[in-house]
Amino acid sequence: AMPEKVRVDNALARLRPLVEEANRRNCRLVLYGHGPDRWFAQAENSIKIVERLKSEMPSAELGIVYNFHQSHSQMDRLQTVMPKLQPHLVALNLNGMRSDRTKIERIGQGDREREMIKIICESGWRGPTGIIAHDREEDAAQVLQVNLDGLKNILSELGYQDVAATY
């Protein structure tokens, strides 16, 4: 396995030109990890990358999108990771999560998303939040409605009726 420092250095080498271009265009470069078990998609690694880039390029506008559907291997760490992630977080995407498989579930139909949503709510996060309709078999509008209903139920159960009422 490649040493951690080498992985971070490699990621930085690839991202520096993108950060420079984003700066020239007055844009923010946002990391969006893909692949539930890939090194780059692990929140802790994205945080290391963003923090190093920011220390090297202080004027850079950087951020991270956190995806439940890319975080199956991180479910047990979210409580610890969220405080470190939040200063860099620009958006997060929700979906249902099951502890026994990496398939994307509907919100409210998994066995882990409730506790993850609770962690997010308790963190104070109030930024952009998306819902994944990752299903090629069903109409996206129907999938999204099931997810919205599931999210509304979870928020209500957690005592966030004011937030649930906005859906």
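The model is predicted, so local features need pLDDT of at least 70, side-chain atom pairs count only at pLDDT 80 or more, and totals for chains, interfaces and linings use all residues. Residues are numbered from 1 along each chain as its sequence is written, and side-chain values use heavy atoms, with hydrogens and water left out.

## Overall build

The protein has six helices and six strands. These are DSSP runs, numbered from the N terminus: helices are H or I with at least four residues, strands are E with at least two. From the N terminus on, the order is α-β-α-β-α-β-β-β-α-β-α-α.

The C-alpha trace spans about 45 × 35 × 30 Å along its principal axes.

Of the 167 residues, 43% count as buried. Buried means under 20% relative accessible area, exposed means over 50%, and partly exposed lies in between (1.4 Å probe, protein chains only). The protein exposes about 9,200 Å², and carbon and sulfur atoms supply 50% of that area. Accessible areas come from the Shrake-Rupley method with a 1.4 Å probe; for residues, only the protein chains shown count as cover.

Contact means heavy atoms within 4.5 Å. Take the contacts between residues at least 6 apart in sequence: 67% of them join residues at least 24 apart.

## Empty spaces

Rolling a probe the size of a water molecule over the atoms shows where empty space is left. The search uses a 1 Å grid over the protein atoms alone. A cavity is a set of points where a 1.4 Å probe fits but cannot get out. A pocket is an open set with protein on both sides within 12 Å along at least five of seven lines. Lining residues have an atom within 4 Å of a point. Grid points are joined across faces, edges and corners, and a volume is the space filled by probe spheres set on the points.

The count comes to one cavity of 30 Å³ or more.

| Space | Volume | Lining residues nearest the centre |
|---|---|---|
| Largest cavity | about 90 Å³ | G33, A41, V65, Y66 and N67 |
| Largest pocket | about 240 Å³ | C121, W125, T129, V163 and Y167 |

For the largest pocket, strand 3 (89–94), helix 4 (113–123) and helix 5 (140–157) give two or more residues to the lining. Helix 4 gives the largest share, three residues. By class, the pocket lining has eleven nonpolar, two polar and one charged residues. Ala, Val, Leu, Ile, Met, Phe, Trp, Tyr, Cys and Pro count as nonpolar, Asp, Glu, Lys and Arg as charged, and the others, Gly among them, as polar.

The lining of the largest cavity has 14 residues. Strand 2 provides the largest share, four residues. The cavity lining divides into eight nonpolar, six polar and no charged residues.

L31 sits in strand 1. L31 is buried, at 5% relative accessible area. Beyond its neighbours within four places in sequence, L31 is in contact with L15, F40, S46, I49, V50, G63, I64 and V65.

N26 lies in the loop between helix 1 (4–24) and strand 1. N26 has a positive phi of about 60°, although it is not a glycine. N26 is exposed, with a relative accessible area of 72%.

## Helix 4

The buried residues of helix 4 are E113, M116, I117, I119, I120 and C121. They pack against helix 3 (78–85), strand 3, strand 4 (96–98) and helix 5. G124 follows helix 4, and its phi is positive, near 95°.

E105 belongs to strand 5 (residues 101–105). E105 counts as buried, at 8% relative accessibility. Not counting residues up to four places away in sequence, E105 touches N95, G96, M97, R98, G110 and N147.

D135 is in the loop between strand 6 (129–131) and helix 5. D135 is partly exposed, with a relative accessible area of 22%. Leaving aside neighbours within four places in sequence, D135 is in contact with R106 and V143.
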